[in-house]
Amino acid sequence: MKSHAQVVVIGGGVVGCSVIYHLTKLGCKDVVLVERSELTSGSTWHAAGGFHTLNADTNMAALQGYTIGLYRELEKITGQSCSLHHVGGLTLAGTPERMDFLKSARAMHRHMGLDTELVTPEEIRKLSPITNTDGILGALYDPLDGHLDPSGTTHAYARAAQMQGAEIVLRCPVVETNPQADGSWQVVTEQGTIIAEHLVNAAGLWAREVGAMAGVYLPLHPMEHQYFATDDIAEVVNRGEELPHVMDPEGESYLRQEGNGLVIGFYEQNCVPWAVDGTSWDFGHELLDENLDRIGDSMEIAFRRYPVLAEAGIKTIINGPFTFAADGNPLVGPVPGIRNYWSACAVMAGFSQGGGVGLTLAEWMIEGEPSRDVFAMDVARFGDYCTPSYTRLKVRENYQKRFAVSYPNEELPAARPLDATPAYGIWQQQNAVFGSAYGMEHVNYFAAEDDEPYEIPSFRRSNAFDTVAQECLAVRNAVGINEVHNFGKYEVKGPGAYEYLDRIMAGRIPQVGRLSLNPMLSHKGKIIGDFTVAQLRENVFQVTASFGAQAYHMRWFEQHLPKAGVSLENVSKKRIGFQIAGPASRELMQRVTRTDVSNEAFPFLSIREIDVGQCQAIVQRVSYTGDRGYEIYVPVHHQVALYQILSEAGKDLNLRPFGMRAMMSLRLDKSFGSWMREYKPDYTPLETGLDRFVDYKKEVDFIGKEAALAEKENGVTRKLCTFIVEARDADVNAWEPIWFDGNVVGYVTSGGYSHYSQKSIAFGFLPVELIEEDRQVMIEILGEMIPATLYSEPLFDPKNQYLRS
């Protein structure tokens, strides 16, 4: 074994082998993989080996498509068979809600170029004659679905990597990982010590234990998973061609052909977390004790759905552990707060996602960033709120909902509430309906007094519709109050603070007492942040952005932080408060402070430190509602006092609380984009309209400047547009295809219903040659073609005259 390597990968499953293959493919040849036992010794060897492209995130689906397409290449390179079976797959729908879900997925696939189709019960029976379609409304058919040999595929990755220069060391348990002063890692194994410039944790079932060696907690947990294989079945033997996969979500099962029999697996409700106190180092090629009683209900449904199972003998029962993250997606990328330590873990669908995970990590390490937005599997999408107990509860919930319909307005209940502000109890008393982001509770809307505080999940307009309308109109006609705790907030100060922010932000850094809207770009000019930067005092800045991106943004901030002259603190949970917005907001603000808040003294985009009642507050004159408004920040222990001050003073002004549902409706009136919808690492400033906030002429060589200038010079092929949609009972959510002249020409990023303008709105990308005022297009919503009209001027205060007055 070498004494030094550029990259050391721990773990010899399909993911670890994919990582070393992609690293060597992209030119990093000095790579060593160390495996405690043999290749495939963890979850890989007992996997069912299925693969599919279906995923709610388009980039995850694209990476799954890449993974599936890679297997032929591996076979060609190595001569090692992956035993590919591209048989296609059916996802059944037994309810109208499931059919809406499949229609939504099919629409998303259109703009991705995936050739899926919706099929009828009759077509299902032709494709899979063993499937009983009683109660089935239809299905989604994907011709790319199939299965493979897990061992052969893993060895194909490994052999290809070795052919390109990688070294694989087997029977080499790691006992220590020690960080060095220069950012490298000392990896101590039973076969010796190796120094790694970069260390990748791809340890699968042992990822928690390997992470603990470095003081890292990764929010994942193993779950027991059962499937069984049958003896030969006459209907399978006599068919003459291989059956497609069939996924029956209502029955919580997946089925495929194996030889002349069938394999069927289950994601049962009565599921069991495995190795709660840690994975034993001695565990390896063993299986867990079978427990068919646990899947008895699901098996009963399966026997009805596939009657041939009733007479089939069971040949093999597999009960083995797989690791899951709290939301079911992998944990990939540089671990925040620790240098040169990478995660490639929690890849529960290794043969659908392993290739994409390896590609992503290799691009990130070698080129500095992935080629697409991978926030859905970025290890930094979670924060320190993810304790082991929280993770275990969310993993179990995710496992139970593996086959559940995923609604755009659904809030999952497990492990909640966790983080909450002091105002949580106040909102509970007002019949609030809560959501959660990054572990923190926030109000979605306030249910009517006699209604249950619960929003019914739906792809169509929900039971919250009328109440949210009232909240929106309260803001536009009087004044509303809403928490500002769901902004990520950072204090940057010190003699070098201005220069530091000027380097990492693409826009103008404001003077004392002012704030500016500022994109943050990657080196390739992609949008990685949408910030408000305010200079409170000389070289003391408050920087705000999305609450859910805290670890993501802190990782970037720290990577570029100078060694001296700047201090950085995440104050997201320390500095909270409320925003007030609406035409009466200035009157309310003036009632609670001695400071002059007239337009002349406190203009738009200003920041002040003032007294609000008995509280010392930081106040910014800005509001994401697009209305006249103020964001008022106080220390967390003063929040209740601040609420009482504002509530009492606003009674005769008809002050009304509003939630995130209203906020996201109100922003539509101004065509305001949203983080991870319109603004994300797939997009650039010129594509999204954020170029108006980029200071192309500032002298500092800000990160992404070269790419941004090149884009400005060369132009772009697509731009973000806003549409009025002739929707009926369902508004856009995201990823709906935009049609023009019979072709898919773009896609929706987000939208909804504007209760102020009483119009359905969509944001989406179009080719620049098609962009013109009143352009007529069609947007496919839940399988229906809905007319939409492009417009360019915001529906509310289009010239910002009212906002600035």
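User: Hi! Which residues is aspartate 145 in contact with, leaving aside its neighbours within four places in sequence?
Analyst: Aspartate 145 is in contact with Phe51, His52, Thr53, His85, His86, Val87, Gly88 and Gly89, neighbours within four places in sequence left aside. Contact here means heavy atoms within 4.5 Å. This is a predicted model, where local features need pLDDT of at least 70 and side-chain atom pairs count only at pLDDT 80 or more, while totals for chains, interfaces and linings use all residues. Residues are numbered from 1 along each chain as its sequence is written, and side-chain values use heavy atoms, with hydrogens and water left out.

User: Thanks! And where is the place of aspartate 145?
Analyst: Aspartate 145 is in the loop between β6 (138–142) and β7 (146–147). Helices (H or I, at least four residues) and strands (E, at least two) are DSSP runs, numbered from the N terminus.

User: Is aspartate 145 buried or exposed?
Analyst: Aspartate 145 is buried, yet it has no salt bridge. The nearest side chain of opposite charge, arginine 402, is 10 Å away. Buried means under 20% relative accessible area, exposed over 50%, and partly exposed in between (1.4 Å probe, protein chains only). For charge, Lys and Arg count as positive and Asp and Glu as negative, with His and the chain ends not counted. A salt bridge is a side-chain nitrogen of Lys or Arg within 4 Å of a carboxyl oxygen of Asp or Glu.

User: OK, how many salt bridges does that rule give?
Analyst: The count comes to 39 salt bridges. One of them joins the side chains of glutamate 780 and arginine 110, at 2.6 Å from N to O. That pair links distant parts of the chain, 670 residues apart: glutamate 780 is in strand β36 (residues 776–781) and arginine 110 in helix α3 (residues 96–112).

User: Is glutamate 780 buried or exposed?
Analyst: Glutamate 780 counts as buried, at 2% relative accessibility. Arginine 110 counts as partly exposed, at 29%.

User: What about arginine 304, which residue does it form a salt bridge with?
Analyst: Arginine 304 pairs with glutamate 300, the closest N and O atoms being 3.6 Å apart. Because the two are four residues apart in helix α8 (residues 296–305), about one helical turn separates them.

User: And which residues are linked in a network of salt bridges?
Analyst: Asp100, Arg460 and Asp729 are linked in such a network.

User: Switching to rings: how many aromatic pairs are there?
Analyst: The structure holds 34 aromatic pairs. In tyrosine 424 and phenylalanine 434 the ring centres are 4.4 Å apart and the planes are at 35°, so that pair is tilted. Rings of Phe, Tyr and Trp (its six-membered ring) pair if their centres lie within 6.5 Å; planes under 30 degrees apart count as stacked, over 60 as edge-to-face and the rest as tilted.

User: Where do those two sit?
Analyst: Tyrosine 424 is in helix α11 (residues 424–429) and phenylalanine 434 in strand β19 (residues 432–437), 10 residues apart. Tyrosine 424 counts as buried at 18% relative accessibility, and phenylalanine 434 counts as buried at 14%.

User: Which rings are linked into a cluster?
Analyst: Ring pairs link Tyr254, Tyr267, Phe324, Tyr399 and Phe403 into a cluster.

User: Last one: which rings does the charged end of arginine 476 sit over?
Analyst: The charged end of arginine 476 sits over the ring of tyrosine 756, 5.5 Å from its centre, and over the ring of phenylalanine 796, 4.0 Å from its centre. A charge sits over a ring if NZ of Lys or CZ of Arg is within 6 Å of the ring centre and within 35 degrees of the ring normal.
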